[in-house]
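Dear colleague,

I am passing on the structure we spoke about, with some notes on what I found in it.

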Protein chains: 2
Amino acid sequence: MNTKTQALVINPVQLKEHWQGHRSLTRRVIEAFPEKQLFHFTLGEMRPFGQMVEELIAIAGPGVKGLATGEWAKLDENLQLGEDKEKLLEVWDQTTEEIERWFPQIDPEKFEEKVIAFDQYEDKAYCTLFYFIDNEIHHRGQGYVYLRALGIVPPNFWER
Amino acid sequence: MNTKTQALVINPVQLKEHWQGHRSLTRRVIEAFPEKQLFHFTLGEMRPFGQMVEELIAIAGPGVKGLATGEWAKLDENLQLGEDKEKLLEVWDQTTEEIERWFPQIDPEKFEEKVIAFDQYEDKAYCTLFYFIDNEIHHRGQGYVYLRALGIVPPNFWER
């Protein structure tokens with residue numbers, strides 16, 4: 001059966017909204033960290049949450065633009081934002097706008113096609129897109145543990 | 001525009017495979033825990049990872065069956081499996097089979113319809129299904145921190 005004619009689980013607009021809902025929650029998790037802990041607190045020799053967030057930012061905007069345009073650069077997680085929580089949130093919000101701008105421009109025919117994201121990661125476009133979202137949920141879950149270990153109550157997972 | 005006629009991002013078979021790929025990774029995270037730590041190690045007054053896994057099991061099989069049949073019972077996370085890693089993995093694998101059995105029986109027309117999952121959580125069926133998957137990724141990310149804090153290298157996130 002041609003997958004294009006099969007039943008729909010979720011359409012592109014719904015997936016964008018689903019992701020932006022997750023991103024709204026991640027933003028509140030960033031906000032919940034005191035600035036110093038955001039960039040310095042770690043457990044198990046992992047990265048501070050602020051560094052994970054830089055990874056998420058490096059992926060999301062350029063990733064969606066890449067899926068829409070076919071133009072990719074190497075992934076660059078070193079955003080050089082300094083240890084500045086307000087600046088991080090500002091760039092987070094710019095990414096929100098980039099997703100709003102580029103996501104609707106992804107050709108729906110493209111989701112089933114292979115892409116080489118960031119000139120490096122080959123997969124079908126829909127898998128690449130789900131990777132972006134799943135990776136955010138994964139790291140945000142780690143941020144929840146950091147917050148709990150700091151004695152801070154994180155926002156509810158189910159509120160988007 | 002009728003969402004049913006819009007472009008497809010992912011079809012039901014692909015979403016099932018995507019989830020089972022995640023579940024295969026979660027299984028390896030369970031396996032990576034020594035039995036004692038699986039049921040007792042915690043950080044920040046959170047639950048041990050074994051308890052989170054019981055929640056995931058309580059949701060997944062009955063959740064997919066509920067979406068397929070419309071039959072729901074209240075969510076019951078108390079599986080009474082004891083602190084037995086092998087037993088937990090065995091029930092995990094039974095859930096894998098339940099998903100294989102029931103997921104293809106979800107009427108594709110249903111994804112856009114409201115459901116009251118576990119007689120309690122009202123949302124569109126596709127949102128409910130994504131919640132099951134996202135919740136697993138969220139808690140598994142927490143399991144990664146527990147493993148790292150225990151000095152254990154978790155399986156790679158990108159290997160499914």
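This is a predicted model: local features need pLDDT of at least 70, side-chain atom pairs count only at pLDDT 80 or more; totals for chains, interfaces and linings use all residues.

On the side of chain B that touches chain A, helix 1 (12–32) and helix 5 (125–149) of chain B each supply at least two residues, and helix 5 gives the most, with 14 residues. Sorted by class, that side of chain B has 20 nonpolar, 11 polar and 6 charged residues.

As for the extent of the contact, 37 residues from chain B and 37 residues from chain A take part, and the area buried between the two chains is about 3,600 Å², with carbon and sulfur atoms giving 69% of it. Of the area that chain B buries against chain A, 20% is supplied by B:Leu8, B:Val9 and B:His138, which is more than any other three residues supply.

Finally, the arrangement of the copies: chain B is superposed on chain A by a rotation of 180° with 0.0 Å of shift along its axis, at an RMSD of 0.0 Å, and that is the relation of a two-fold axis. Because 100% of the interface residues of chain B are also interface residues in chain A, the copies meet through the same surface.

With best wishes

How values were computed: Residues are numbered from 1 along each chain as its sequence is written. Chains are lettered from A and ligands numbered from 1 in the order in which they are written. Side-chain values use heavy atoms; hydrogens and water are left out. Copies are superposed by least squares on the C-alpha atoms of residues with pLDDT of at least 70 in both. Contact means heavy atoms within 4.5 Å. Buried area is the accessible area (1.4 Å probe) that two parts lose on being put together, summed over both. Helices (H or I, at least four residues) and strands (E, at least two) are DSSP runs, numbered from the N terminus. Ala, Val, Leu, Ile, Met, Phe, Trp, Tyr, Cys and Pro count as nonpolar, Asp, Glu, Lys and Arg as charged, and the others, Gly among them, as polar.
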